[in-house]
Amino acid sequence: MPRTTSTRPRFATRALVLQLATVTLVVALCTGVYLLLTLQQLRAEAESTALGIARTLAEDPQVRAEVARISLAEGTPDAEELRDGELQRLASEVTVRTGALFVVITDDNGIRLAHPTPSRIGEEVSTPYEAVLAGAEVVDWQTGTLGESARAKVPVRDAAGSPVGEVSVGFERAGVFDDLPPLLAMIAGTAAGALALAVLAFHLLRRRWERLTLGVQPEELVALVQNQTAVLDGVDDGVLAVDTRGVVRVSNAAAD
């Protein structure tokens with residue numbers, strides 16, 4: 001009877017697909033977790049950096065004295081005078097030195113005393129400032145006139161310790177995640193390497209398997225065993241097969 005060839009994928013192929021699917025799932029899960037932790041770390045670092053800069057500037061004696069003077073004065077601050085003032089100079093220097101998106105200083109009414117865009121000096125800030133002027137430090141991601149940023153807001157206090165203004169420092173989202181593309185490339189390389197190792201390991205295991213089974217597939221082994229059992233049980237005489245060490249390898253019911 002001619003031997004029919006099955007169209008079903010070989011055992012080695014099915015095992016390879018299963019192993020690759022398992023490895024891919026594990027790598028994807030690990031990559032997702034690592035990427036999430038990396039994003040959280042980058043956000044936390046940006047927020048921490050912004051907070052540190054804002055605190056340092058808010059505690060500067062010159063800033064405290066100037067903001068307190070302007071806040072105590074009657075009327076609206078003179079925008080033209082502020083554009084050429086000491087607060088604008090200090091804020092600009094800090095912005096350039098730290099690479100921040102902005103460094104903004106306000107009075108107790110939320111009026112900008114210093115801003116990266118000089119034309120906005122003298123206007124009220126676009127984001128909430130009440131909590132800061134109540135004495136709280138605020139660290140968050142907000143969207144203002146310069147776009148979304150990780151920003152920290154710290155109160156500026158007078159000599160008596162009362163809030164008389166705020167310092168707001170922000171870092172642009174794109175700048176915060178500058179290190180993300182190299183990290184993604186590293187993650188992709190690691191994932192590809194893990195998959196390549198999985199394929200190599202299975203290839204070696206498959207070669208070992210085929211050497212041991214002489215290339216016979218598991219389904220064929222089952223058929224061989226069934227045929228052998230049927231032949232042995234169909235013989236009336238007892239049949240024993242013993243190897244060179246005296247171990248019985250094959251027997252039928254009549255041999256018992």
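Two strands are said to pair if DSSP finds at least two bridges between them. Helices (H or I, at least four residues) and strands (E, at least two) are DSSP runs, numbered from the N terminus. The model discussed here is predicted, so local features need pLDDT of at least 70 and side-chain atom pairs count only at pLDDT 80 or more, while totals for chains, interfaces and linings use all residues. Residues are numbered from 1 along each chain as its sequence is written, and side-chain values use heavy atoms, with hydrogens and water left out.

Strands β4 (residues 147-157) and β5 (residues 163-172) pair in the antiparallel sense over nine bridges; Arg151 has Gly170 in β5 as its bridge partner. Both strands belong to an open, antiparallel sheet of five strands in the order β2-β1-β5-β4-β3. At its edges lie β2 (112-114) and β3 (138-144), each pairing on one side only.

Helix α4 (residues 86-98) lies across β1 (102-106), β2 and β5, and runs at about 155° to β1. Such angles run from 0 to 180 degrees between N-to-C directions, with axes fitted to C-alpha atoms, for helices over the stretch in contact (heavy atoms within 4.5 Å).

A nonpolar core is a set of buried (under 20% relative accessible area, 1.4 Å probe, protein chains only) Ala, Val, Leu, Ile, Met, Phe, Trp, Tyr and Cys residues joined through side-chain atoms within 4.5 Å. The largest one has 28 residues, and Val63, Val67, Leu87, Ile105, Val167 and Val169 have the most contacts inside it. Helix α1 (11-58) gives the most to this core, with six residues.

Notes
Buried means under 20% relative accessible area, exposed over 50%, partly exposed in between (1.4 Å probe, protein chains only).
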